[in-house]
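Trainee: I would like to learn how to read the features of a model like this one. Please take me through them in turn.

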Amino acid sequence: MLKHFSLLFLFASLSFYNLQAQSTSRQIRNLEAFTRLYGFVQYFHPADEAPRDWAILAIYGSQQMLKVKDDAELISVLKSIFIPIAPTVKVFLNSSPAHFSIQELTPENLRGYQTISWQHIGFELPIFKNGTYWSRRLNRNTVTEPGAPVPQIPLLTKHTAVGEYLQQEIVTGISCIVPYALYGNAAQTYPKADTVANQQLTAAMNTALPKNPEGKLMITGDVPEIRLADIIITWNILKHSFPYWEDASASAQEILTAAFTKAMADQTSHDFLNTLKLMCAPLNDGHMFIELSDGSDQSNEASAPLILARIAGKVLVKEVLDSTLIKVIARGDIIDSINHISAAEALSGKETYLSGSSQWKESKGLVSLLNGPENTDISLVLDRKGTKTSLILARNVKGVGYRNGSFTKSPVKRGWVKPGVFYLNLSTDTISEQQYEKELAIAKAVIFDLRGYPASDNAFNLIPHLLTQTVNPQTFFTPEIIYPDMQQLTYEKDPTQLVPVSPHLKAKIYFLVDATAQSASETLLSRMKDFKLATLIGQPTSGTNGSMNMIYLPGRYSVAYTGMLVKNNDGSKHHLKGIIPDIIVNPTIQGISSGRDEILEAALKIATK
């Protein structure tokens, strides 16, 4: 009897599993269809009836997609969502194709009508405004603070024309037609959507926002439709404006399916934070910082008082920050395991959730490897010349996610480090105007340490003092977007012009670099290398540069990413490769053990020849 019951339970479990798998597969198909159509309409279809808050539409659409049972219903629900805000959009089975008709878009009399279409320089996103990325509808006014309409200047000379349209499959067997441009007069884009249907959609969207039993809004990652909406929003922004898809280690389709699958299994807002990180990791962009600002993320609150390095495949102690531990932990000690996991495996696990080049992920992973909640301990096994020691360390220092590569308990002070050789750490110090007239003017050699991020923008003032002629760097290229999927792109080019200023510095210039030099650091270093103004010594930089864009999501998540293409001045690849030093110096275990700065030593040796 017991055996018979077990078999029944097994068959019932398998049936439930298969039913659940079929349900999830159906839901993911629905969500993917909605996601693609959502992005095409939001960013490339210029109808006036577009919702004020696209995030609410994403939440509502997620809810509806979870209920759809078959393709016929899917098409019907997609039409009920998108036709009230984009009346010329069509959704259909490939087996029963619809056709584009320009007559449907053309009023009887074109007098007073202009072409309305989207133009983007990057994507201008809600909340985040940095003056670099812009999105506008051609021939549509904006509204100023007092409420007066102001004509907008076109962003680009190019634009789509009425009659251009997208016809694309949104999931296998189902396609859409989305016009890129419409006619519009002062009152309305043509044709006008059904007012009642638009009002009913708006009411349904607002009513469907998730609430707790007391009726209070629950806009949190604990709620499935919030998680799904955040994927819809994020994926579309990246799909249509991220400039490095050719360097991604997974396709957009693979990323979308995996993200939906994991988000549907997530239970908490913190689970979903990790889902967003895993979603962004394959894009290999070091600017991808994913955060949750609701106070629940404790993963980086505190850390053990050690600075780590990785040399020859081994994780080792570079510096001990707590003097009370000096008797038990020394520089050069190899970390065999962390919380009973090999150090290599623990570091690889950290890097799984990070985006960027291999050198950036390693440096960032090492900084956060011992991080965790406050008032917790971490178990380590150390190996010193074959002798292993187990110990428990308290996480008693503030956890950080980034640290300058030049950081040390005993930093080299700026000043004369050898006769005629001046040293200055740009990650901690600034260059005063007086120094150009004094120390820098009389130095035979100057060593600038940029293993990290500049402490001040005035570091860039150094460049004109080294130039002998005007130069026009061509490194930054901002996408000019009028079509989906980064197709038919042109780029807004870097307008920078650098002019020599006095006093001209005649000293030999050296820069110390490593993987912690990212973004602004790489802009400065690229000028140095491209125009042969200095000798770079150390290790490759991060390989991530260009102005960031920021996505703010329901549930208090944020996702940063690089919104522009960056190249070396000769047109060669910068992304992921970084800036390769003129002289490569790889620190050694012996050097770490004895507390030496081998990159600085190499620079001093060369500078004093």
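Trainee: How many aromatic pairs does the structure hold?

Mentor: The structure holds 15 aromatic pairs. Rings of Phe, Tyr and Trp (its six-membered ring) pair if their centres lie within 6.5 Å; planes under 30 degrees apart count as stacked, over 60 as edge-to-face and the rest as tilted. This is a predicted model, in which local features need pLDDT of at least 70 and side-chain atom pairs count only at pLDDT 80 or more, while totals for chains, interfaces and linings use all residues. Residues are numbered from 1 along each chain as its sequence is written, and side-chain values use heavy atoms, with hydrogens and water left out.

Trainee: Why is the pair of Phe34 and Phe82 called tilted?

Mentor: A pair of aromatic rings is described by the distance of the centres and the angle of the planes. For Phe34 and Phe82 the centres are 5.4 Å apart and the planes stand at 40°, so the pair is tilted. Phe34 lies in helix 1 (residues 2-44) and Phe82 in helix 3, 48 residues apart, and the pair thus links distant parts of the chain. Helices (H or I, at least four residues) and strands (E, at least two) are DSSP runs, numbered from the N terminus.

Trainee: Are Phe34 and Phe82 buried or exposed?

Mentor: Buried means under 20% relative accessible area, exposed over 50%, and partly exposed in between (1.4 Å probe, protein chains only). Phe34 has a relative accessible area of 0% and is buried; Phe82, at 1%, is buried too. Phe34 and Phe82 also belong to an aromatic cluster with Tyr38 and Trp54.

Trainee: Which kind of aromatic pair do Phe477 and Tyr491 form?

Mentor: Phe477 and Tyr491 form an edge-to-face pair, with 6.5 Å from centre to centre and 85° between the planes. Phe477 is in strand 22 (residues 476-481) and Tyr491 in strand 23 (residues 490-493). Phe477 counts as buried at 11% relative accessibility, whereas Tyr491 counts as partly exposed at 29%.

Trainee: What sits over the ring of Phe477?

Mentor: The charged end of Lys567 does, 5.3 Å from the ring centre. A charge sits over a ring if NZ of Lys or CZ of Arg is within 6 Å of the ring centre and within 35 degrees of the ring normal. The charged end of Arg403 sits over the ring of Phe407 in this way, 5.5 Å from its centre.

Trainee: How many residues of helix 9 are buried?

Mentor: In helix 9 (residues 358-368), nine of the eleven residues are buried, among them Trp360 and Leu366. What covers them includes strand 12 (306-311), strand 13 (314-320) and helix 8 (343-352).

Key:
Contact means heavy atoms within 4.5 Å.
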